[in-house]
Amino acid sequence: MMATAMPQTPRKLKVATVSLAGCFGCHMSFLDIDERLFDLIEHIEFDRSPLTDIKQVGACDIGLIEGGLCNAENVLVLREFRAHCKTLVAVGACAITGGLPAQRNHLDLGQLLTEVYRSRPGLSAGGAIPNDPELPLLLNKVHPIREVVHVDYSLPGCPPSADAFWHFLSDLMAGRTPHLGHGLIHYD
């Protein structure tokens, strides 16, 4: 008698998320998937993410990263995250272009710090620029993540809508190249 093979249960994809220099709006928009999160977790397992409170990233199929790079710690987190993710997705304007934080790029960083911490009206005399060794070293400019690591896909928006997240992840889970049609990409 021939043994029958048990049907294979599809392996859940591991997904990790992280936020760098941004407002966390992309994560909030992701949560706006609402009840579709229940459908999503039938196909994925979350690794590092504020949704799981896992602090270290393990081997992942998909990494979603929001925010640009404004300090040395952002760069270290990004490089470690990229090393663990098969597919890296830059999520939102900050990750893709530097976004709102990059508005400081046309200013001199030293002058900016002096104005904020030493000479701003209303400060008491003797203000000092923070230099605690625990603080990450600021970069002279805010950079999009593609300037430091390879990015496989970009999910544009500020933030991307919940529907855009849903369609994008549905395409990735099905092994298709993500395509966002008219109405799914917008900037508020």
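Arg 11, Asp 61 and Lys 86 are linked in a network of salt bridges, a salt bridge being a side-chain nitrogen of Lys or Arg within 4 Å of a carboxyl oxygen of Asp or Glu. The structure is a predicted model, in which local features need pLDDT of at least 70 and side-chain atom pairs count only at pLDDT 80 or more, while totals for chains, interfaces and linings use all residues. Residues are numbered from 1 along each chain as its sequence is written, and side-chain values use heavy atoms, with hydrogens and water left out.

**Overall layout**

- The chain contains six helices and seven strands; these are DSSP runs numbered from the N terminus, with helices (H or I) of at least four residues and strands (E) of at least two.
- Their order along the sequence is β-α-α-β-β-β-α-β-α-α-β-β-α.
- Along the principal axes, the C-alpha atoms fill a box of roughly 90 × 40 × 30 Å.
- Of the 188 residues, 40% are buried (buried means under 20% relative accessible area, exposed over 50%, partly exposed in between, with a 1.4 Å probe and protein chains only).
- Contacts (heavy atoms within 4.5 Å) between residues at least 6 apart in sequence join residues at least 24 apart in 76% of cases.
- The chain exposes about 11,300 Å², of which carbon and sulfur atoms supply 57%; areas come from the Shrake-Rupley method with a 1.4 Å probe, and for residues only the protein chains shown count as cover.

**Salt bridges**

- The whole structure holds seven salt bridges.
- In the bridge between Lys 86 and Asp 61, the closest N and O atoms are 3.2 Å apart.
- This pair links distant parts of the chain, with Lys 86 in strand E5 (residues 85–91) and Asp 61 in strand E3, 25 residues apart.
- Lys 86 counts as exposed because its relative accessibility is 59%, whereas Asp 61 is buried, at 8%.
- Lys 55 and Asp 53 also meet through their side chains in a salt bridge (2.5 Å, N to O).
- Lys 55 is exposed, with a relative accessible area of 54%, and Asp 53 is exposed too, at 52%.
- A further bridge joins the side chains of Arg 176 and Asp 171 (2.8 Å, N to O).
- Arg 176 is partly exposed at 45% relative accessible area, while Asp 171 is buried at 10%.

**Glu 66**

- Glu 66 lies in strand E3 (residues 60–66).
- Glu 66 is buried but has no salt bridge, and the nearest side chain of opposite charge, Arg 48, is 11 Å away (Lys and Arg count as positive, Asp and Glu as negative; His and the chain ends are not counted).
- The side chain of Glu 66 makes a polar contact with that of His 27 (2.3 Å); a polar contact is a pair of N or O atoms within 3.5 Å, where within protein one must be able to donate a hydrogen and the other to accept it, and residues adjacent in sequence count only if both atoms are side-chain atoms.
- Leaving out residues up to four places away in sequence, Glu 66 touches residues including Val 18, Phe 24, His 27 and Val 91.

**Ser 49**

- Ser 49 sits in the loop between strand E2 (44–46) and E3.
- Ser 49 counts as buried because its relative accessibility is 2%.
- Its side chain makes a polar contact with the side chain of Thr 17 (3.0 Å).

**Leu 113**

- Leu 113 belongs to helix H5 (residues 109–117) and is partly exposed, at 21% relative accessibility.
- Apart from residues up to four places away in sequence, Leu 113 touches Arg 118, Ile 129 and Leu 138.
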